[in-house]
Amino acid sequence: MIYTYALVAIAACVAIERFHNRRAKTTIVLVLAVFLAVAPRFYGNDAVFSVLADAAVYVMLALGLNIVVGFAGLLDLGYAAFFAIGAYTYGMLASPQFGLHLPFWVLLFLAAALAALFGALLGAPTLRLHGDYLAIVTLGFGEIVPQIFQNLTKYTGGPNGIAALDVPTFFGHSFGASVMPYYYIALFGIAAALWLSRNLRESRLGRAWMAIREDELAAKHAGIDILRSKLAAFAIGASFSGIGGVLFAAKLALVSPDLFGFQVSVLIVSMLVLGGMGNIVGVVVGSLLLTIVNSALLPQINSLVDATFHTTVDLSNLHFLIYGAILVGIMLFRPEGLLPNRERRAELHHAGEAAADA
Amino acid sequence: MHEFLAQLANGVELGAIYALIALGYTLVYGILELINFAHGDVYTFGSFVALGILVGLRAAGALHGAGLVLGITAALVAAILASALLNAGIERLAYRRLRKAPRLAPLITAIGVSFILENLIELWQGSAPVPFPNVIPNPQLQFGELEVGVQQIVVVALAIVTMVALHFFVQRSKLGKAMRAVAQDRDAASLVGINVDRTIAMTFLIAGALAGVAGFVGGVSFGSAWFLNGFGAGLRAFTAAVLGGIGNIAGAMLGGFLIGLLESFSTWLIGGQWSNVAVFSVLILVLVFRPSGLLGETLPEKV
Amino acid sequence: MSLLALSGVGKRFGALSALSNVSFEVEEGAIFGIIGPNGAGKSTLFNLLTAIYRFDEGSISVGGVSIAGLSTQRIARLGVARTFQNLRLFGNASALANVMVGEHLILGSTIFDSLLNTGKERRERAEAERRARELLRFVGISGVEEQFARNLPYGTQRRLEIARALAARPRLLLLDEPAAGLNPSEKHELISLIRAIRDAGTTVLLIEHDMGLVMNLCERIVVLDYGEMIAEGAPQEIREHPRVIEAYLGAPA
């Protein structure tokens, strides 16, 4: 069942990439949206929509990171830190922890703002660094943030985190135990993230990012404020992650520091790499594929193996192997990802394409 | 005072291990401008190889008298060879074809390799730390207020001997000179007849060998090996390399000892749970305020 | 008042003096040339003008504003645009996108306009695209709009870079060896293009090796040799200047 939804979504994405007709694209998007909104009434169960809601959160995160890595060309290896900041915003302000029970909807925006603020705070001193160095600094930041949440036990519940988070309400109606509200909110979140991503890519700011990615010195000479543009990428990307964090925490009704480690950052980078950095639709496909493998395919193979061979192996610790294999395999054999955008494909197949055109 | 000296000894011991690993980062970065993210896992691999040999020999009852010295030597040599070959193999299979790729591609690949290695080591050795055979006798020696174990002395001595050997190797040997030439200008080096591929491969081999030594002494020092050890140790060592000035061999050693001391004293003074924060804060501060490190030189951007 | 004024400008790299005591003024509406043998400091001078390097001595002002301490981006805001000796296009973007990046400074949409695709953003984008097409036509390369800059022929890339620089509507355009690598007919077209640029109101300062081109095109010329200014004047004066003849003897251009 889950594969039906995932495959429909992926097929729609591929079709969008293949069609060049604007009207055709719009039609596909609308049909897909209606399908994803209506189909749950007839087909599926809570378990399926729980996985799909998680998948949708990851799509949002990947779209956010895509702004930083894909658009502005800045490798952020600590992106999970902003996810943590969003989740802890909800965890600390909508739970018995401080007796604060701020509304879920307010916290969505507050978390976006806080994550953006921390993105800017991290970015301001570090965005002068180039390439690998920036990547490592962000990695360091990504390690520090969960560690701080873990250490400040008095405020954050320490290693155990905070449990029994508030169940969100919608005009007085509690979400209850149903996962459907999260599914719909996350769908809406994806729609918004896609819209914003597309706006940005086609905008003055998006062109400035392209210029910075391609040639920072030439970009400077065009009068582009490099630091400001990079900060904008960091802050906007982080805000997507902050919103994802709130959704994630509210659905799980729990936050703990071990949910936001380096593995999460690498998982999201893997989604981008798999789908094709910089390409909005490719990123969606990459994150759907990886989430489905993680939360549906692997467990199923696992139980199949166990049932067949009467074993109790744990394939869940193959996750890292899969991320690693994706990163290495794609970089070596198809660096533009499964669904690349025009620019990145050209960039990564420099010699080949130039020869073909000559 | 007693506690201070104990932490000092501790920090030096940790620092020796970090310095050995840091040298691997620095050598590779110096020549390829690549952060070999998998380097920490090469260190872990070395640890487990040494551990395996020692466990095997102990089970065979071979670790007595002269057999003990031979066994320890065998474990050390095996760790060196295994790590060196692994590191060179990674270069050959993964990094070599990315030399002309866009800048982020090799780093992303290196992270992928790191994840693969970690997972394979986990599949091989399990997800819990494995105790390292306690074969080196460890009587405590007293120097005034300072109390150190024989193991600590062995660890630090082995590390220092290795580093001194490396220093002379890079300064004096033909290969060392080739390495420095390739690091400065790959095209020019190849014009004067240096085999660039071979030099880079040898650099990875040497960096891996150093990680092997670190794997052995780290196992002895921490008393265990764990599949994720390389991640934390690797990041600390990388921080050390950056602190000293990446690409600079003396800098990596200095940085290693400083980070070791920082870790041991921050653990003592503010608690072990803050040592990660302390180390990474140093990393960020150094990169922001003095990206060339303590001993590095700043180079202007070429136009 | 002159548009660009240099007075006693000097730059050293360590013990090496790359430029010393360079003083000249470029009048608004001029086509001004800088020539000199290799290593004379011409590119260094351009790099001082756009703050890639900082000058150690003297003063430089653009439109009466001192550029000492200003960043590259701030200098661009003063109306200075440039091309590069070794082309620095955004190779993996379309020609059109390259020029539209050049328009960055004349557009006013904010981050929020960009995020929300506001009416302002959309209007500006349409305008920017129209102007970019016009500029490509102006420099004589319409038809390549959608092609990647990297895949264009060399001469076209040179013109594209000029179009990108012009897109910011600069007061002063710095051209770093614009004729390098061009064939005679392309050089001929380049001369008319540069004249057209000046006639449209942009002052042009260019570095060039091709003596014939400079003599033909420039109204005033400065000659650098080993980082020092050895002559300044109209083409005819330069041609007859003893120190220039001396400097170029053995290396006739």
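# Three chains and their contacts

Student: What share of the 303 residues of chain B counts as buried?

Tutor: In this predicted model, 53% of the 303 residues of chain B count as buried.

Student: And what is chain B built from?

Tutor: Chain B holds 11 helices and 4 strands. Its radius of gyration is 19 Å, close to the 19 Å that the globule rule gives for 303 residues, so chain B is as compact as a globular protein of that length. The C-alpha trace of chain B spans about 60 × 45 × 40 Å along its principal axes.

Student: How much of the contact set in chain B comes from residues 24 or more positions apart?

Tutor: Taking the contacts in chain B with a separation of 6 or more, 78% are between residues 24 or more positions apart.

Student: Ok, helix packing in chain B. At what angle do helix 1 and helix 5 cross?

Tutor: The axes of helix 1 (residues 2–32) and helix 5 (residues 150–172) of chain B cross at roughly 35° and come within 9 Å. As for handedness, the crossing of helix 1 and helix 5 of chain B is left-handed.

Student: Which residues make that contact?

Tutor: From helix 1 of chain B the contact takes Ala9(B), Val12(B), Glu13(B), Ala16(B), Ile17(B), Ala19(B), Leu20(B) and Leu23(B). Helix 5 of chain B supplies Gln152(B), Val155(B), Val156(B), Ala159(B), Ile160(B), Thr162(B), Met163(B) and Leu166(B). Sorted by class, the contact of these two helices has 13 nonpolar, 2 polar and 1 charged residues.

Student: Switching to chain A. What's the secondary structure count?

Tutor: Chain A has 16 helices and 6 strands. Of its 358 residues, 57% are buried.

Student: How does the radius of gyration of chain A sit against a compact globule?

Tutor: For 358 residues a compact globule would have a radius of gyration near 21 Å, and the 20 Å of chain A agrees with that. Along the principal axes, the C-alpha trace of chain A spans about 60 × 45 × 45 Å. Among contacts in chain A between residues at least 6 apart in sequence, 77% join residues at least 24 apart.

Student: Where does Gly223(A) lie?

Tutor: Gly223(A) is in the loop between helix 10 and helix 11 (226–252) of chain A.

Student: Is Gly223(A) buried or exposed, and why?

Tutor: Gly223(A) counts as buried because it has 25 C-beta neighbours inside 10 Å, and the cut-off for buried is 20 or more.

Student: What is Gly223(A) in contact with, leaving aside neighbours within four places in sequence?

Tutor: The partners of Gly223(A) are Gln73(C), Ala76(C), Arg77(C), His104(C), Leu105(C) and Ala168(C). Within chain A, Gly223(A) and Ala208(A) are 15 residues apart in sequence and 9.7 Å apart in space, C-alpha to C-alpha.

Student: That leaves chain C. How many helices and strands?

Tutor: Chain C comes to 10 helices and 10 strands. Its radius of gyration is 19 Å, close to the 18 Å of the globule rule for 253 residues, so chain C is as compact as a globular protein of that length. Buried residues make up 45% of the 253 residues.

Student: How do strand 1 and strand 2 of chain C run?

Tutor: Strand 1 (residues 4–13) and strand 2 (residues 16–26) of chain C run antiparallel, joined by 7 bridges. Leu4(C) has Val26(C), in strand 2 of chain C, as its bridge partner.

Student: What does Gly14(C) do in that hairpin?

Tutor: Gly14(C) takes a positive phi near 60° in the hairpin, which has 2 residues between the strands.

Conventions. Residues are numbered from 1 along each chain as its sequence is written. Chains are lettered from A and ligands numbered from 1 in the order in which they are written. This is a predicted model: local features need pLDDT of at least 70, side-chain atom pairs count only at pLDDT 80 or more; totals for chains, interfaces and linings use all residues. Axes are lines fitted to C-alpha atoms, for helices over the stretch in contact, and angles run from 0 to 180 degrees between N-to-C directions. A crossing is left-handed if the near helix is turned anticlockwise from the far one by less than a right angle, and right-handed if clockwise. Two residues are in contact if their C-beta atoms, placed from the backbone, lie within 7 Å. Ala, Val, Leu, Ile, Met, Phe, Trp, Tyr, Cys and Pro count as nonpolar, Asp, Glu, Lys and Arg as charged, and the others, Gly among them, as polar. A residue is buried if 20 or more other C-beta atoms lie within 10 Å of its own, exposed if 12 or fewer, and partly exposed in between; C-beta atoms are placed from the backbone. The radius of gyration is taken over C-alpha atoms; the globule rule is 2.2 Å times the number of residues to the power 0.38. Two strands pair if DSSP finds at least two bridges between them.
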